[in-house]
Amino acid sequence: MSLTDSLGRVHDDLRVSVTDRCNLRCLYCMPEEPVWFPRSEILSYEEVARVVRILAGRGVRKVRVTGGEPLVRRDLPVLAGMLARIPGVEDLSLTTNGVLLGPLARSLARAGFVRVNVSLDTLDRSRFHRLSGRDALARVLAGLDAAAEAGLSPIKINSVLLRGENDDEAVPLAAFARERGFEIRFIEFMPLENGGAWDLARVVSGAWVRRQIESRWPLEPDPDADPRAPARRFLYRDGSGAVGFINSVSEPFCADCGRLRLTADGKLRVCLYDDRETDLKGPLRSGASDSEIAALAQRAVRGKGRGGALEILERRAAPPIARTMHQIGG
């Protein structure tokens, strides 16, 4: 039995947050003074693996480990090994800011991660410090090199451009990725930091970024792109790889969304912009059976709405969301 909602969307993609903590303070993600979950509230690796196993039995095939910053969680390769052995999990990946990736890349690959996404919003050291609150650009670049050497593939770069901050780096970032065989994905600035900084005027649309890149390198739609993927994928006509655009604000993809999110404190979210959550941690710790956990997940999926990003586009304003991105999981 698949996890299917009332609109016929099949949910086979799970984002698993292993921590709300992060070693950066990016403007579009973290509040100025974050409040961390108590450690006792964070799911253990065994609890995470059990939820993934249950959901894999209901059709989940893709699992992405996120945070916060997942690499600040101790012994993450141990979890990777547990998840990689779960029947039905066909694609195990990691999203990281890359700061701690260098020394861990090889062990992460050996443990079972197949591919990795690394956040990188600028190639300028001082600008990186301003945007992230940390002077760590060199460590991120070293992490990317280490991931490539470890055989993690494909390596994707996630870039968020902010109007007036780093929107002049669309072409340099694309060039950086092209030269190294990475795929870059430009993600529109989403209203998830809850600090009041989000403004539609600061959103750099994917269409605008695409025009900047096409002025240098012609693009064509990828005929083999997954129609349910969040990124609109284009190929460079000269054969030098691909670039993706996640236009979640200007062109919401809610109609095809099949993603679920498990927060670090054990809540299941069926929509990034919907505060309704289903508590799985309580039942897990009180002796609920696998079938009972699966029923809770199915009920949550059936209650999913049409999509919160559509409301942002229609209202042209940020929705009221109790959690910030670092608490939800990427």
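What is the volume of the largest pocket? I looked that up before anything else. The largest pocket has a volume of about 440 Å³.

**Ground rules.** I am working from a predicted model, where local features need pLDDT of at least 70, side-chain atom pairs count only at pLDDT 80 or more, and totals for chains, interfaces and linings use all residues. Residues are numbered from 1 along each chain as its sequence is written, and side-chain values use heavy atoms, with hydrogens and water left out.

**Largest pocket.** I noted the rule: on a 1 Å grid over the protein atoms alone, a pocket is an open set of points with protein on both sides within 12 Å along at least five of seven lines, a cavity is a set where a 1.4 Å probe fits but cannot get out, and lining residues have an atom within 4 Å of a point. Points are joined across faces, edges and corners, and a volume is the space filled by probe spheres set on them. I found 24 lining residues for the largest pocket, with Lys62, Lys156, Asp226, Ala229 and Pro230 nearest its centre. Two or more residues come from each of β1 (13–17), β2 (62–66), β3 (91–96), β4 (115–119) and β6. β2 gives the most, with 3 residues. Strands (E, at least two residues) and helices (H or I, at least four) are DSSP runs, numbered from the N terminus. I sorted the pocket lining by class: 5 nonpolar, 3 polar and 16 charged residues. Here Ala, Val, Leu, Ile, Met, Phe, Trp, Tyr, Cys and Pro count as nonpolar, Asp, Glu, Lys and Arg as charged, and the others, Gly among them, as polar.

**Cavities.** I counted 2 cavities of 30 Å³ or more. β6 (183–187) and α7 each supply at least two of the lining residues. The classes are 5 nonpolar, 3 polar and 1 charged.

**α6 on α7.** I then turned to helix packing. Helix α6 (residues 170–180) and helix α7 (residues 206–214) pack at about 65°, with axes 9 Å apart. Axes are lines fitted to C-alpha atoms, for helices over the stretch in contact, and angles run from 0 to 180 degrees between N-to-C directions. The two are therefore roughly perpendicular (65 to 115 degrees; under 35 is roughly parallel, over 145 roughly antiparallel, the rest oblique). Ala170, Val171 and Ala174 of α6 meet Val209, Gln212 and Ile213 of α7, contact meaning heavy atoms within 4.5 Å. I class these residues as 5 nonpolar, 1 polar and no charged.

**α3 on α5.** The axes of α3 (residues 101–111) and α5 (residues 137–149) come within 8 Å and cross at roughly 15°. These helices are therefore roughly parallel. Leu101, Gly102, Ala105 and Arg106 of α3 touch Gly143, Leu144, Ala146, Ala147 and Glu149 of α5. That contact has 5 nonpolar, 2 polar and 2 charged residues.

**Backbone checks.** Most residues other than glycine have a negative phi, and most peptide bonds are trans. I logged a cis bond between glycine 67 and glycine 68, with omega about 20°. Glycine 68 sits in the loop between β2 and α2 (76–84). Aspartate 75 lies in the loop between β2 and α2, and its phi is positive, near 60°. Serine 153 to proline 154 is also a cis bond, with omega near 0°. Proline 154 is in the loop between α5 and β5 (155–160).
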